[in-house]
Structure formats: structure tokens, C-alpha cells
Amino acid sequence: MNIILKYFPDLNELQISQFEALYSLYFDWNSKINVISRKDIENLYLHHVLHSLSIAQVIKFKPQTKILDIGTGGGFPGVPLAILFPDCEFTLIDSIGKKIKVAQEVIDSIELKNISAKHLRVQEEKNKFDFVVSRAVMPLDDLMKLVRKNISKEQKNALPNGLICLKGGELQHEILPYRNIATTYEISDYFSEEYFKTKKIVYVPISVK
């Protein structure tokens, strides 16, 4: 938990208690339904919570921003972001029902009011959002084709509406079709831990006619 406070020292008491509760909740649920690698659960705050929060280093979502997290698994990056941005609305979807069950149990346990979790494929999600976020769900081109329909025309943030992905490794080929509009951020520019050396955020604005 200290690593979260290192980079986000201005959390209020409720946010701190919600973040603190995540470890025991995920540890307990992960023993029943594997949503995080069993070896990796000890690194929950570094590899999952802080990684999710890296998006907040690129954009500070304005109140009432609507964000869709696709392929959320047990709730990443959506749950940490919903704690950090309590005035925004988050929708988490995943095609695997048992993973959404874990996300929903966590949401209920920490009483997050600004979030909903749905057992749904992205093709079935019809609502409009300011941003779509995801963590290593599928190649960028596939994601863009699927989420374009979900982007709202109305703008309210410093960055134009679009897709924000957490990615790792070599991305040149994947980003090539969007090289003129995509922006890649090195997470190691924000967080000094070794884990983030190969981690990136890719942002692609999506204009809606």
C-alpha cells in the first residue's frame, strides 16, 4: 500500500481504506477464482493497482467523465481508477462471468458507488463513453474496430475522447497504422520501479462524426 501513497499522497481517508482493503479481498477471491496469477498476488499493489493508476499520470479525468473498461478481468484498471476518480462513472465488462463476479464482489465490499460491472462482450456494449481503457486485452487494431461505436461525440477533458491502453514490450508494429495520431507514454517516466521499464500507455483519439 505504501507504494500507492508514494505516488498518490493526496488520497482521502475513504480512498486509502478502499485501496487498503483490496489486498485481502483479491487474495481471498483469487484462492477461489483465479483472476491474478497465484504467484503474482503478492505483487498486487505494484503490478496491478499502481499499473492501473498510471493512466492517471496521463489524464486527470474531469467529473462526470464516463469510462468503459473492457476485458477488465477481476477489475483492472477500472477498480483502482474508480477509487481515484470518485466523481467519474466507470463501466467494467468482461466476457468471462466468473471474473466479473470477483470484480462485483470487490466493488460491493469497498462500497464503490461510481462503478458497474457487466458480464458482456465488447461487441454487445451499446452505450457511449468518453474513454475506453484496457489492459493488454487484444491488439490495438482489433480494439479500435470494436470500440469506435462506443465513443461519445461530446468532449469534456483535456485529451480528446478515445482509447487508452496499458501495453508492454515492443509496440512499433502494432501502432504503425495509428502512428500519426497515437501517443505512447513510457510508464517509467512516472514510476521508478524496475517493473515499469517495459510498460507503456498508448492513447489513440477517436473522432466521431
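Gly162 sits opposite Pro205 in β7. This is a predicted model, where local features need pLDDT of at least 70, side-chain atom pairs count only at pLDDT 80 or more, and totals for chains, interfaces and linings use all residues. Residues are numbered from 1 along each chain as its sequence is written, and side-chain values use heavy atoms, with hydrogens and water left out.

Strand β5 covers residues 162–168, and six of its seven residues are buried (under 20% relative accessible area with a 1.4 Å probe, protein chains only; exposed is over 50%, partly exposed in between). Strands here are DSSP E runs of at least two residues, helices are H or I runs of at least four, and both are numbered from the N terminus.

## Who β5 pairs with

On one hand there's β7 (residues 199–205), which runs antiparallel to β5 and is joined to it by seven bridges. Pairing takes at least two DSSP bridges between the strands.

Then there's β4 (residues 131–135), which pairs with β5 in the parallel sense over five bridges. Val133 has Ile164 in β5 as its bridge partner. To get from β4 to β5, the chain goes through helix α6 (residues 140–147), and this β-α-β crossover is right-handed (clockwise from the first strand over the helix to the second, with the strands pointing away from the viewer).

## Leu112 in its loop

Is Leu112 buried or exposed? Leu112 is buried, at a relative accessible area of 9%, and lies in the loop between α5 (97–109) and β3 (115–119).

Leaving out residues up to four places away in sequence, Leu112 touches Gln18, Val79, Ala82, Ile83 and Ile107 (contact means heavy atoms within 4.5 Å). Val79 is 33 residues from Leu112 along the chain, with 8.5 Å between their C-alpha atoms.
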